[in-house]
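Please view the sequence and the structure before reading on.

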Amino acid sequence: MAERILVVNPNSSAACTRGIATALSGFAAPGMPVLEVTDLRDGPPAIVTWRDWFGVAEPLCQLVQREAAAAYVIACVSDPGVDAVRTVTKAPVFGPLRSAIAAALARADRFGIIAFADPSIARQRRAMAAMGVEARLAGHIPLNLPMDVLTDPVAPRAALIAAAKRIVEQGAEAVILGCAGMAGHRAAVEAACGVPVIEPCQAAAALAIQAVVAGRPALALAAE
């Protein structure tokens, strides 16, 4: 049976969860780990405040303790609960923000982030400080749109494109979509702004798949 990677949206937005699942649908392949996307049914509608961010840590720990998997992705681009979840499982746990920054810096010298809202910026900057990459940030623009607008296939597109173009003007050579609710807009934003656009749940899923596959037992050499 293929290994399972559990991707957990820590909010209760069904539209956001569907968008994450769609963004990850292209990762399915024979012999590869299966990505299973779920949500935190009792979670907040979105991770907006520090209270939201801290509040989902224990429910995420409880979910991971109930649901065995080969790896976990906490699918919110401020990485809530990642450090706490790592204390209750030996499986690798990935946060999309750190994964996206790593992906951006693999392709560019400087990057920018389109944040979900103003309160997101402090949490994302904390992660950048922990990684030591603050000097590589060219621009950080909050969109300040509700989650139900952000997940609409049309409504936020112009604002996302405008923010990405502004970040590129500020010197970014790659742009990170700073909320999982933006997942469905990656290709359109990239086409409009002309630089790589990183969807963080995809970045985290790629690292999770790599970790699981790399952890498989090496095949024994065939006897000559």
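The sections below treat the basis of the model, its cores, a helix pair and its aromatic rings.

## Basis

This is a predicted model, in which local features need pLDDT of at least 70 and side-chain atom pairs count only at pLDDT 80 or more, while totals for chains, interfaces and linings use all residues. Residues are numbered from 1 along each chain as its sequence is written, and side-chain values use heavy atoms, without hydrogens or water.

## Nonpolar cores

A nonpolar core is a set of buried Ala, Val, Leu, Ile, Met, Phe, Trp, Tyr and Cys residues joined through side-chain atoms within 4.5 Å. Buried means under 20% relative accessible area, exposed over 50%, and partly exposed in between (1.4 Å probe, protein chains only).

The largest such core has 40 residues, and Ile-5, Val-7, Ile-20, Ile-114 and Met-182 have the most contacts inside it. Helix α10 (residues 200–214) gives the most to this core, namely six residues; helices are DSSP runs of H or I with at least four residues, numbered from the N terminus.

## Helices α5 and α10

The axes of α5 (residues 96–107) and α10 come within 7 Å and cross at roughly 85°; axes are lines fitted to C-alpha atoms over the stretch in contact, with angles from 0 to 180 degrees between N-to-C directions.

## Aromatic rings

Trp-53 and Phe-54 form an edge-to-face pair, 4.9 Å centre to centre with 85° between the planes. Rings of Phe, Tyr and Trp (its six-membered ring) pair if their centres lie within 6.5 Å, and planes over 60 degrees apart count as edge-to-face. Trp-53 is buried at 14% relative accessibility, whereas Phe-54 is exposed at 51%.

Notes: Helices (H or I, at least four residues) and strands (E, at least two) are DSSP runs, numbered from the N terminus. Rings of Phe, Tyr and Trp (its six-membered ring) pair if their centres lie within 6.5 Å; planes under 30 degrees apart count as stacked, over 60 as edge-to-face and the rest as tilted.
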